[in-house]
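This briefing is meant to be read with the sequence and the model side by side. Please look at the whole chain before turning to the single residues discussed below.

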Amino acid sequence: MARIRLSDSEKEGLAKDVDSILTYVDQIKAAPIGDFEVQAGAVKNVMRKDAVVTTSAEDRERILDEAPKREGDFVAVKKIL
């Protein structure tokens, strides 16, 4: 970001924006929080049982025909790393 070129007016505008953000952070820091303990809510992982869903050969072929790309009996997708 050090290589970003800004005009003087852009620098002034950004300085005002950063100043207002820092002022807001100071207001948040100064806010009274009272005497209470902070506890996270009950976090629960929702699980479901795996279920085998069978489809007819016609339905499977119809779904594969609608896919943009296909490799055999599978929908081909881009590799995402």
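A nonpolar patch, as the term is used here, is made of residues with over 30% relative accessible area and no salt bridge, their nonpolar side chains being joined within 5 Å. In this predicted model, Ile 4, Leu 6 and Leu 14 form such a patch on the surface, and together they have about 250 Å² of accessible area.

**Overall form**

- The chain holds two helices and two strands, and from the N terminus on these elements follow one another in the order α-α-β-β. The radius of gyration is 28 Å, well over the 12 Å that the globule rule gives for 81 residues, so the chain is more spread out than a compact globule.
- Along its principal axes, the C-alpha trace spans about 65 × 50 × 20 Å.
- Of the 81 residues in the chain, buried residues make up 4%, where buried stands for under 20% relative accessible area.
- The accessible surface of the chain comes to about 8,900 Å², and carbon and sulfur atoms account for 57% of this surface.
- The chain carries 14 positive and 16 negative side chains, and the centres of these two sets lie 6 Å apart.

- Leu 14, one of the residues in the nonpolar patch, is found in helix α1.
- Leu 14 has a relative accessibility of 44% and therefore counts as partly exposed, a class that lies between the 20% limit for buried and the 50% limit for exposed.

**The loop between the helices**

- Asp 50 lies in the loop that runs between α1 (8-30) and α2 (57-66), and with a relative accessible area of 76% this residue is exposed.
- Asp 50 and Leu 22 are 28 residues apart along the chain, and their C-alpha atoms are separated by 49 Å.

- Side chains of opposite charge can pair when their charged atoms come close. A search of the whole structure finds five salt bridges, and the pairs described here and under the next heading are among them.
- Arg 62 and Asp 59 meet through their side chains in a salt bridge, at 3.7 Å from N to O; both residues lie in helix α2, three residues apart, which is about one turn of the helix.
- The side chain of Arg 62 also meets that of Glu 66 in a salt bridge, at 3.9 Å from N to O. Because Glu 66 and Arg 62 are four residues apart in helix α2, they are separated by about one helical turn.
- In terms of accessibility, Arg 62 is partly exposed at 45% and Asp 59 is partly exposed at 34%, whereas Glu 66 is exposed, with a relative accessible area of 61%.

**The network around Arg 70**

- Arg 70 and Asp 65 meet through their side chains in a salt bridge, with 3.2 Å from N to O. Salt bridges that share partners join Glu 61, Asp 65, Arg 70 and Asp 73 into one network.
- Within this pair, Arg 70 counts as partly exposed at 32% relative accessibility, while Asp 65 is exposed, with a relative accessible area of 53%.

Definitions and conventions
Residues are numbered from 1 along each chain as its sequence is written. This is a predicted model: local features need pLDDT of at least 70, side-chain atom pairs count only at pLDDT 80 or more; totals for chains, interfaces and linings use all residues. Side-chain values use heavy atoms; hydrogens and water are left out. Buried means under 20% relative accessible area, exposed over 50%, partly exposed in between (1.4 Å probe, protein chains only). The radius of gyration is taken over C-alpha atoms; the globule rule is 2.2 Å times the number of residues to the power 0.38. Accessible areas come from the Shrake-Rupley method with a 1.4 Å probe; for residues, only the protein chains shown count as cover. Lys and Arg count as positive and Asp and Glu as negative; His and the chain ends are not counted. The place of a charge is taken as NZ of Lys, CZ of Arg, CG of Asp or CD of Glu. Patches are made of residues with over 30% relative accessible area and no salt bridge: like charges are joined within 9 Å, nonpolar side chains (Val, Leu, Ile, Met, Phe, Trp, Tyr) within 5 Å. A salt bridge is a side-chain nitrogen of Lys or Arg within 4 Å of a carboxyl oxygen of Asp or Glu.
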